[in-house]
Amino acid sequence: MKKVIEKRKDIVFFIKLFPLPMHKGADEKAKAIVCEKSLALLEDAFEGKTIPAPKCKTTAIDENIKLAAKLGIRGTPAIILPNGIISPGYKNADALISLIEKSSS
């Protein structure tokens with residue numbers, strides 16, 4: 001995402017955290033990130049750094065899990081494109097930009 005944003009200032013990502021059950025402790029990390037509304041904590045989590053316990057009570061992660069189930073999303077990453085199509089799996093920046101451009105036209 002960072003590379004896409006560096007190349008294209010007109011593209012924005014809305015991140016919904018979707019912790020997978022196979023990742024021990026991911027739900028608590030996701031809740032901590034949501035409570036703090038912190039991109040820095042998100043980046044720390046991706047780098048495997050220790051994340052503090054959540055400082056609030058939130059249902060946001062449970063709601064994200066329900067939404068993913070409703071949309072048929074079972075893994076990460078999953079990108080919902082402007083035309084509503086869901087594109088699962090990792091994409092490099094150029095491939096992602098191309099997908100976004102095609103879905104916007």
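Start with the largest pocket, which holds about 1800 Å³ of space. Here a pocket is an open set of points on a 1 Å grid over the protein atoms alone, where a 1.4 Å probe fits and protein lies on both sides within 12 Å along at least five of seven lines. The volume is the space filled by probe spheres set on the points, with grid points joined across faces, edges and corners.

Before you click further, know that this is a predicted model, where local features need pLDDT of at least 70 and side-chain atom pairs count only at pLDDT 80 or more, while totals for chains, interfaces and linings use all residues. Residues are numbered from 1 along each chain as its sequence is written, and side-chain values use heavy atoms, leaving out hydrogens and water.

**Stop 1**

Now colour by helix and strand (DSSP runs numbered from the N terminus; helices are H or I with at least four residues, strands E with at least two). Which helix gives the largest share of the lining? It's helix 3, with five residues. Helix 1 (2–7), helix 2 (26–36), helix 3 (39–46), helix 4 (60–71), strand 1 (78–80) and helix 5 (93–104) each supply at least two lining residues.

**Stop 2**

Go back to M1, in the segment before helix 1. At 45% relative accessibility, M1 is partly exposed (buried is under 20% relative accessible area, exposed over 50%, partly exposed in between, with a 1.4 Å probe and protein chains only).

**Stop 1: E6**

Next, pick E6 in helix 1. Is E6 buried or exposed? With a relative accessible area of 58%, E6 is exposed. For a distance check, pick I73 as well: its C-alpha atom is 27 Å from that of E6, and the two are 67 residues apart along the chain.

**Stop 2: salt bridges**

Side chains of opposite charge can pair when their charged atoms come close. Counting a salt bridge as a side-chain nitrogen of Lys or Arg within 4 Å of a carboxyl oxygen of Asp or Glu, there are seven here.

Select R8 and E101, whose closest N and O atoms are 2.6 Å apart. R8 is in the loop between helix 1 and helix 2 and E101 is in helix 5, so this pair ties together parts 93 residues apart in sequence. Both are partly exposed, R8 at 22% and E101 at 42%.

Then move to E28 and K31, with closest N and O atoms 3.8 Å apart. These two are three residues apart in helix 2, so about one helical turn separates them. E28 is partly exposed at 36%, whereas K31 is buried at 19%.

Last pair: E47 and K49, at 3.2 Å between the closest N and O atoms. E47 is exposed at 54%, while K49 is partly exposed at 42%. To finish, select R8, D10 and E101 together: salt bridges that share partners join them into one network.

Note on methods. On a 1 Å grid over the protein atoms alone, a cavity is a set of points where a 1.4 Å probe fits but cannot get out, and a pocket is an open set with protein on both sides within 12 Å along at least five of seven lines; lining residues have an atom within 4 Å of a point.
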